[in-house]
Amino acid sequence: MTASADTNIEADDFALADEFALATRTPLLPLLVGRIEAAGGRITFAEFMAQALGHPEHGYYSRAGLTWGRDGDYETSPEVHPIFGYLWARQALECWQRLGEPSSFALVEVGCGSGVFMRAMLTWLRVRAPRCFAAVRPVMLDGHPNRLVDQRTHLAGAGFEAEHVLTADWLARPDRITGVVISNEFFDALPVHLIRRDGETLVEQYVAHDGDAVHFVDGPLSTPAIEAYFARLGLQPGDGALAEVGLAASEAMHALASKVESGYVLSIDYGYPARDLYASWRRQGTLMAFRRHSPQPDPLAEPGRLDLTVHVDFTSLAAAAEGFAAAPLVSQAEALMALGLGDALRTASQHAAADAQRFAADRRAAEVLCEPEGLGRIRVLALAKGASLDGLRCLRSVIG
Ligand SMILES: C[S@@+](CC[C@H](N)C(=O)[O-])C[C@H]1O[C@@H](n2cnc3c(N)ncnc32)[C@H](O)[C@@H]1O
């Protein structure tokens, strides 16, 4: 065991202790150490990530008082400007029309953050598409009770009512929906297994501890599902390369898609098709840790205080949605332009002389949402069942 903040100085007069480590000790760390001990010395990275993001009290996403957007650790598209939600509401309207304008239309958002995305979508529908708005049954799913409370408050502040439900509870209900399941940066926040290819063998990276710090250790695969995952894809990561395996993302997609009788699943996320995600030139995988908008070097540091995120494997996600047709991926920039971002900006420019400051802010928001090195490279996976993808508005840049 190395010197650590757990070193008992009373028992061992001024023993060598790592006093700097105390500054990065989080309340979750001793609990993780306990879990690692109970599991016989190591846990999978997927378990570490599930705890770091979702421990009921100390998890990054589950804790009380989480801040979003510019004041948080990273900024998502709905936090940049409500135009993002307005444009996706236009897409929801088209989905409703394509489904024959049902009198009850589920608009289900998964992983709702602060609630701004749903709020913007409902605002647009209420003002621009009142018939559709009257049919909409908004459902906001999250994995954490604290988030549901914040989201309810946020929606109520704009005079909207939605159903706020834990994802697992919603999935357990027997009924199926007609409508749209939409998410922004949901799948990229789900736990992944970390693996490395060593010649013909796949090695898993586990999390172990020495005192009160955690570190990676190698071991055999924790589940045959990882080999099955790559067998289904018919590919492997490059020799010596690190990679993530999102079993939880595929399971979540499978479960969510199974709830849809007819309709669309629209998933907006950082990610690639499997052949790009696991391309032989990608050596370090895509796992990233964020704090105050800066990438952090160690994803194991300060568990519960850093946001952890990966790029998703869209090939496996699409395959997990049984019975659904999948469209070719489009970038967020392409989707937003197809949904009318350029037109909205042109219209806004007519008022530029009257309010130059507002127009400058609107134009800047449009740029941020489409930045090729930033949010614009997020991709959209559109899936449909009992409804057509042909000519769907958000896809018009690729399939006309
Ligand atoms: C990266 S944030 C994205 C938030 C929001 N969609 C946005 O774009 O600002 C991920 C969200 O997924 C939620 N989440 C985590 N696990 C979940 C689960 N099992 N079901 C639903 N939401 C979950 C988190 O609480 C958080 O609200």
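A nonpolar core is a set of buried Ala, Val, Leu, Ile, Met, Phe, Trp, Tyr and Cys residues joined through C-beta atoms within 7 Å. Buried here means that 20 or more other C-beta atoms lie within 10 Å of the residue's own, with C-beta atoms placed from the backbone.

The model is predicted: local features need pLDDT of at least 70, side-chain atom pairs count only at pLDDT 80 or more, and totals for chains, interfaces and linings use all residues. Residues are numbered from 1 along each chain as its sequence is written.

The largest nonpolar core holds 112 residues, and Met121, Val265, Ala382 and Leu383 have the most contacts inside it. Helix H4 (residues 83–98) contributes the most to this core, 10 residues. Helices (H or I, at least four residues) and strands (E, at least two) are DSSP runs, numbered from the N terminus. Leaving aside residues up to four places away in sequence, Leu383 touches, among others, Tyr264, Val265 and Phe324; contact means C-beta atoms within 7 Å, placed from the backbone.

Strand S12 (residues 288–291) has two pairings, and strands pair if DSSP finds at least two bridges between them.

S12 and S13 form a hairpin with 2 residues between them, and Arg292 in the turn has a positive phi of about 45 degrees.

Around the ligand are 19 residues, of which Thr76, Gly111, Gly113, Gly143 and Thr167 come nearest; a residue counts as near if its C-beta atom, placed from the backbone, lies within 6 Å. Helix H3 (77–80) and strand S3 (136–142) each supply at least two residues of this shell.

Technical notes: Buried ≥ 20, exposed ≤ 12 C-beta atoms within 10 Å, placed from the backbone. Contact = placed C-beta atoms within 7 Å.
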